[in-house]
Every structure is written in structure tokens, then in C-alpha cells.
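Could you walk me through how this chain is put together, with an eye on its sheets, its helix packing and its charged pairs? Here is the model to follow along with.

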Amino acid sequence: MKTNSNYFFQSLLILLLATGLFLGLKRFLPNKIFSEKPGTTKNVLIDSMLLDAFEAEPENAAQGMTKDDSLAKQPIVFEEKDGIVFPEEKFENYKGNQYLIPFFEQLYQLETTKNAKVRIAYFGDSMTDGDMIVQDFRTYFQEKFGGQGVGFVSITSESAASRSSVEHEFSNNWKTQSYLNIKYPLRSFGINGHVFFANDTANAAWVKYKAGRSRFNTQLDHPTLFYGSAKNKNGKLTYVIGKDTIQKTLTPNRILNTLALSSVPLKQFKAKFSKADSIPIYGFNFDDGVGVHVDNFSQRGNSGIPISKFDVATMKAFQEQLHYNLIVLHYGTNVLNYGTKDYNWYDRSMTKTVKRLQECFPGVPILIVSTADKATKYELEMKSDSAVIPLTMAQKKYAIKTQSAYVNLFKLMGGDGSMVKWVEEEPAMANKDYTHFNFRGAKKIAKLIYDQIDYGYQEYKVLRKSKKVVPPKKKSLIDTIFSETEKPETHE
């Protein structure tokens, strides 16, 4: 007993000494406990083009490619389109609904005629992994405007097991190439940023889909395969519907080919590919052809920059088949890990990315969704990361320069300190990593984004009805780089 007592007092003495030493040295420790230097994490993917863009910044600065902070206080004035002009905006409150007029008009036609259809491509990173945010965003549109189905689904997915909007399984012998880490694929990437090959000649590669459980995803409408061109004319697709086994030959003659599996909705099916090596496979589409459909093209670790590698001809072929009316770019989570508050390099890279999308999808409006809040530990207290606001400013700048609409998600969710509140409130709406939302929080985020779009749509209907034109008072500045009028907050 005496020995145990000695151990106890020795341990207590060591603990007291360590505590005293820490308190004595605390004032000499850095304000931010964790390193801000960019680095790789074993379980986190970072796209190669983001690394290239960040590492090239010192060279760009040496060449005089610095940010332009001029004309920061000038209003943003829009040019009339179809007799409609939204009121001018200030930089700090920029939304850019003027650039969504073609999308709003298509929604209006759908709402009034019931025969039109609307399709949205939603590109994102781990924030939308497993159809998070997007599945609820899709539901809000389908509740109001109609539509059934989850849209386009890839052949394989790293988040298939966590996705509830469609049950998705696949064999492990698919050869996958992603725009995240391959700049020059064997064949062009699909709209999902991937290309898949069934190159295993000994075992058939397969994929299986089963309808989800939400009320707009209870069946697989018009299941259609999308695949590319190849010299191989021997590829076969075998699938089972009920008691019938059906085999069809793949005809990869065009840059993009489609194969409809059924004219009636299915609950599930399993498709096997044989003798299909060298044929680029992209995925399956499921929709009922009316109402609104939203495709989720999420990729963990993505900055958005890899989209700039899309092949224009291939994307135009996808557009001929899918007819997108809006493209959403929801990025930023992975860009916050680079120990900088100067995102001029990201502004330049994403400006090129958006311009490439505009070349691939002429006339299709683009909506930029900013990074959400992210909390980091400063002096043992979780606070909004000091890089969040500078990044949202960069995202707003390339939205304005490219004539894209903009959602400031950081502000919508509550601004400074909001992520801490979302994590710590009961019930919690975000995870303990102080970065990602849980399903409850994702649904709220989806509603915030949807509500801003819908508010702009309601304003559009008023302007459309009256054809009320707000005359520009000053020269348009949409091609000008605006400076920061919202000063980044720092934590001393």
C-alpha cells in the first residue's frame, strides 16, 4: 500500500509540475496551435492542379501578377437582357441574379406550362460527398416544380456506401481515371470528371443500382448508359429485368453514346460489361424527363481547378444529351488548408476554370457557392479560421469577373463563429472536425442556398411581369477585378 501511495504522489507531483510549466510557457506559444503550412494527410485527397497553382504563386508574384484592388467601391451595374435589368449591387452584397435570367426563364416556363424541364449540374468537394446538401437541394426543387430521379450517377464512387438517395454497388476490377490526379487521361473525362474502363478480360466488371428511399427517388426512371468512342465493336452489356436477361451490344461510334435499358421505371438492376475493354464508360442517368433534375458531381479533395481540363467537344456532346440550365460550383473546403490569406492565385485559376465551363456549355448560367465557415483552434479556443473571409472574397471576385451569380455561404450560415455554434448547439448540425455538416446541417445549408435562388426567381417574375427596366446609372464594371471591401478578420 505504501508503494502505491508513493506512485500516486509522484504522479500527482509530475502532473502539477507539467501544468505549471505549460502555464509559464503559454505566453511564448504561437497563437495558432496547429501548423498552417500545407501538407498531405493520409486519408485526404488533394488535387494535383491545386498543388501546382499554389506552388506557382511565388513565380507569378515575381512576374508582377499581383492582385488589383482598384475600383473597390464602384457599384456593379448590369446590362439589360430580354428587357430586364436587376438593380445595381454593391460588392459586399453581390448576388448577380442578373446572370441567372436564362435559368429563371426556364423555371418560369416549367412553372407555367408544366411541360418544360430544368437540369442542374452541381459540382462540389467533400461537402457534397454522399449526395449531402445536393439531395436536399434537389428535393426542394422537385417539391415545387416536379421531377423524379437522382440524375447522373458514376460507375464507381468513393462515397457509394454513405449515399441514401440511390443504393450503389460495383465490382473492384474497374480501371478508374479521375481529373483530380490525372491531367491527360486515356480518353476524355466525362461530365463527372471520371472515365472508367472494364479492362479485366477474365472477369466481367459490373455495377448495381437500387432506387433510394426518399419520395422522389423510389424508382430508377429511364435508366440510360453513357459511354464514349472506341475501335472495339465487341463490347456487350448484360442486365436482368425481372425474370428476363437482356444482352445488348455497345456501339461506340460517336464521341458520346447512350444506351437506354428500359422504357419503364425499375426498382433495381445489375449491369455486367464483357469484352468492353478500351471503351470509356461514364455512368448511368436516371430521370423521368419532366420537372427539375440535379446531378451531383462531388469529389473529395477537389478545389474546382481540375474542371479546367474538361474537353470542350466531349462536354458539348453531354450538353446535347442532358441540356443543363444551370451549373453550380461549390468549392473552398480544400483550399483553406494552405496557410495563406492571399488567394489571388486561386482567383486566377478559378477564373480560367469558369471560362472553360462557359466554353463547354455556351449560354448556361453559373452559380458560385463560397466556402462555408471553418473553425480552427487559436489559443485553445475554436474560432473561425482567419483564411475564410479572404477566400470568400476571392470567390466573389471571380464570380463577378466571369459574370456568374454568387452565394456567400459563410454569411448565410451566420458569419464569424458560426461553425462553432453549428457544432456545439443541440442538436448539432456539424461534425467535430468543425468543417463538415451532418445530415441535419446539410439539409439546412441546402435550404439556405435554395432560398437565395428562389428569392432571385421571385424577383425575376416581378420584373418579367412589368418588364421594368432599371436604367444603368454608370458604366458596367463586370470585367473589373474588385478589391476587398470586407476586411479579413484576424485572431491575434
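By this rule, where a salt bridge is a side-chain nitrogen of Lys or Arg within 4 Å of a carboxyl oxygen of Asp or Glu, what does the count of salt bridges come to? The count comes to 14 salt bridges. Before looking at some of them, a word on the ground rules: this is a predicted model, in which local features need pLDDT of at least 70 and side-chain atom pairs count only at pLDDT 80 or more, while totals for chains, interfaces and linings use all residues. Residues are numbered from 1 along each chain as its sequence is written, and side-chain values use heavy atoms, with hydrogens and water left out.

**Overview**

The chain contains eleven helices and 18 strands; helices (H or I, at least four residues) and strands (E, at least two) are DSSP runs, numbered from the N terminus. Of its 492 residues, 53% are buried. Here buried means under 20% relative accessible area, exposed means over 50%, and partly exposed lies in between, using a 1.4 Å probe and protein chains only. Take the contacts (heavy atoms within 4.5 Å) between residues at least 6 apart in sequence: 77% of them join residues at least 24 apart.

**Charged pairs**

| Pair | N to O distance |
|---|---|
| Asp131 and Arg138 | 2.9 Å |
| Arg163 and Asp131 | 3.2 Å |
| Glu143 and Arg215 | 2.6 Å |

Asp131 counts as buried because its relative accessibility is 1%, and Arg138 is buried with a relative accessible area of 1%. Arg163 sits in the loop between strand 2 (151-154) and strand 3 (166-170), while Asp131 sits in the loop between strand 1 (117-124) and helix 5, so their pair ties together parts that are 32 residues apart in sequence. Arg163 is buried, as is Asp131.

The pair of Glu143 and Arg215 has another setting. Glu143 belongs to helix 5 and Arg215 to the loop between strand 6 (205-211) and strand 7 (224-227), which links distant parts of the chain, 72 residues apart. Glu143 is partly exposed, at 43% relative accessible area, and Arg215 is exposed, at 56%.

**The parallel sheet and its helices**

Which order do the five strands of the parallel open sheet follow? The order is 13-1-14-15-18; two strands pair if DSSP finds at least two bridges between them. Strand 13 (291-298) and strand 18 (405-407) are at the edges with a single partner strand each, so one side of each has no neighbour in the sheet. On average, neighbouring strands are turned by 20° against each other, direction ignored. Axes are lines fitted to C-alpha atoms, for helices over the stretch in contact, and angles run from 0 to 180 degrees between N-to-C directions.

Strand 1 and strand 13 run parallel and are joined by eight bridges, and Phe123 has Phe297 in strand 13 as its bridge partner. Helix 4 packs on this sheet, where it touches strand 1, strand 13 and strand 14 (326-330), and its direction makes about 140° with that of strand 1. Helix 11 (residues 439-466) lies across strand 1, strand 14, strand 15 (366-369) and strand 18, at about 140° to strand 18.

Helix 4 (residues 101-113) also packs with helix 5 (residues 134-145), at an angle of about 45° and with axes 10 Å apart. That makes helix 4 oblique to helix 5; under 35 degrees counts as roughly parallel, over 145 as roughly antiparallel, 65 to 115 as roughly perpendicular and the rest as oblique. Phe103, Leu107, Leu110 and Glu111 in helix 4 meet Phe141, Lys144 and Phe145 in helix 5.

A five-strand open sheet with antiparallel pairing has the order 3-6-11-8-9. Its edge strands, strand 3 and strand 9 (244-249), each pair on one side only. Strand 6 and strand 11 (residues 268-274) run antiparallel and are joined by six bridges, with Lys270 in strand 11 as the bridge partner of Lys208.

Finally, strand 16 (residues 375-378) and strand 17 (residues 381-384) pair in the antiparallel sense over four bridges. The two form a hairpin with two residues between them, and Glu379 in the turn has a positive phi of about 50°.
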